[in-house]
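Subject: Handover of a structure and findings

Dear colleague,

Please find the structure below, followed by an account of what was found in it. I would be grateful if you read the account with the structure open beside it.

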Amino acid sequence: MIKTTNILQDKFGREHTYLRISLTERCNLRCSYCMPEEGVQLSPKSHLMTYEEVYEIAKTFVDNGVTKIRLTGGEPFVRKDIPVVLEKLASLPVELSITSNAVIIDRFIDVLKANGIKKINVSLDSLDKNKFTHITRRNQFEKVYNNILLLVKEGFTVKVNAVLMKEFNEDEIIDFIELTKNLPVSIRFIEFMPFDGNKWDLSKMVSYKEIMEKVNQHFQADTIERLQDAPNDTAKNYKIKGYKGSFAIISSVTNPFCDSCNRLRLTANGQIKNCLFSSSESDLLTTLRNGDSIEPVIANAVHAKHKTRGGMDTLKKLQKPDLHSKNRSMITIGG
Ligand code: SAM
Ligand code: SF4
């Protein structure tokens, strides 16, 4: 086992201060880019972290320097004890945020506020009800759309994530940006990424360059403002002058932001993943249940992190199905 004073610093000098915790492998939607049509093999309940274990593991990360935790899934709000999880994690000295599909988030507004959660990312891939139903395989457009409006009204900082795909929603780029005229949200266009079972193909992806071409064709150059990105931000941020909201592009495929990566991921069954694209995992939960320290396991996982995209440093490697099919489906990683 490697011994180092800062277990969250990797061999390239990157400090990992941001932990994304997946709370469940389950979801009330079935987005085709996230999970295979036939579903995923769910872990037995006894293999999933209890809320006490989520807290214990999170606390170890926070004690070692993590300052931000984002809860994700699957859909975090389908987890029955989510109020308790939030309450426990809110007691840590950390900025807590959440990513959700927002289908049932309206039931949790008070819980979110009581636990000091201010930032919420919501997935919405189409403003067209039929397209939404097609991509999510569920008829929940109105709920999601209205809940985005509700979150804004209730004072949350809302980012809307849209995965763009050719011949599906690339024609909605301008509609999404127009939504920011009166709605103070940030729309984040995400390049479609490859995971096990999601039928990824580079030709289906809409790239950063293609998105900006559409933006430049539609808006006059002097109205498109490039915003300052926050440190470690994965998105390139823009706004249209005078609009209340903004938009951004997350280009993990064509423009990876690995040099400034500060993220680690904890899956619902207690495995640490040092990169979204990496197929290797380290078992924190079994170590914790055996009564051993999880710090050396974290140190080893961080030390083993590749410089770029879990070792898939070129587009050519990313296109090799045998490399990304060893990875989990996104729904069981926690995006
Ligand atoms: N259920 C929640 C939601 O949908 O926001 C949280 C979990 S979801 C896995 C987290 C994020 O991952 C979502 O914004 C989703 O769009 C993104 N995502 C899933 N599969 C993806 C893929 N193949 N490429 C890019 N983003 C993906
Ligand atoms: Fe569920 Fe989110 Fe995956 Fe869609 S992207 S299937 S909402 S986990």
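A residue is called buried if its relative accessible area is under 20%, exposed if it is over 50%, and partly exposed in between, computed with a 1.4 Å probe on protein chains only. By that scale Asp-106 is partly exposed, with a relative accessible area of 28%. This is a predicted model, in which local features need pLDDT of at least 70 and side-chain atom pairs count only at pLDDT 80 or more, while totals for chains, interfaces and linings use all residues. Residues are numbered from 1 along each chain as its sequence is written, chains are lettered from A and ligands numbered from 1 in the order in which they are written, and side-chain values use heavy atoms, with hydrogens and water left out.

The sheet

Helices (H or I, at least four residues) and strands (E, at least two) are DSSP runs, numbered from the N terminus. Two strands pair if DSSP finds at least two bridges between them. In what order do the 12 strands of the open sheet lie? The order is 7-8-9-6-5-4-3-2-1-10-11-12, and the pairing is mixed. Strand 7 (224–226) and strand 12 (282–283) are the edge strands, each pairing on one side only.

Strand 2 (residues 68–72) is mostly covered, with 4 of its 5 residues buried. Strand 2 pairs with strand 1 (residues 18–22) in the parallel sense over 5 bridges, and Leu-71 in strand 2 has Ile-21 opposite. Strand 2 also pairs with strand 3 in the parallel sense, here over 4 bridges; in strand 3, Glu-95 is the residue opposite Lys-68. From strand 2 the chain crosses through helix 2 (residues 82–90) to strand 3, and this β-α-β crossover is right-handed. The term right-handed applies if, with the strands pointing away from the viewer, the path from the first strand over the helix to the second runs clockwise. Strand 1, helix 1 and strand 2 likewise make a right-handed β-α-β unit.

Strand 5 (residues 157–164) is mostly covered too: 6 of its 8 residues are buried. Strand 5 pairs in the parallel sense with strand 4 (residues 119–123) over 5 bridges, and Thr-157 in strand 5 is the bridge partner of Lys-119. With strand 6 (residues 186–191), strand 5 pairs in the parallel sense over 6 bridges. Ala-162 has Phe-189 of strand 6 opposite. The chain passes from strand 5 through helix 6 (residues 173–179) to strand 6 in a right-handed β-α-β crossover.

Helix 1

How far apart are the end C-alpha atoms of helix 1 (residues 51–63)? They are 18 Å apart, which agrees with the 18 Å that its 13 residues should span at 1.5 Å a residue; the expected span is 1.5 Å times one less than the number of residues. The buried residues of helix 1 include Val-54, Tyr-55, Ile-57 and Phe-61. Gly-65 follows helix 1 and has a positive phi, near 125°.

Salt bridges

A salt bridge is a side-chain nitrogen of Lys or Arg within 4 Å of a carboxyl oxygen of Asp or Glu. The whole structure holds 14 of them. One joins Lys-143 and Asp-106 (3.2 Å, N to O). Lys-143 lies in helix 5 (residues 141–153) and Asp-106 in the loop between strand 3 (95–100) and helix 3 (109–114), 37 residues apart. Lys-143 is partly exposed, at a relative accessible area of 35%.

Another salt bridge joins Glu-172 and Lys-131 (3.1 Å, N to O). Glu-172 sits in the loop between strand 5 and helix 6, and Lys-131 in helix 4 (residues 129–136), 41 residues apart. Are these two residues buried or exposed? Both Glu-172 and Lys-131 are buried.

The side chains of Glu-210 and Lys-166 also meet in a salt bridge (3.1 Å, N to O). Glu-210 is in helix 7 (residues 208–218) and Lys-166 in the loop between strand 5 and helix 6, so the pair ties together parts 44 residues apart in sequence. Salt bridges with shared partners join Lys-131, Asp-171 and Glu-172 into one network.

Yours sincerely,
A colleague
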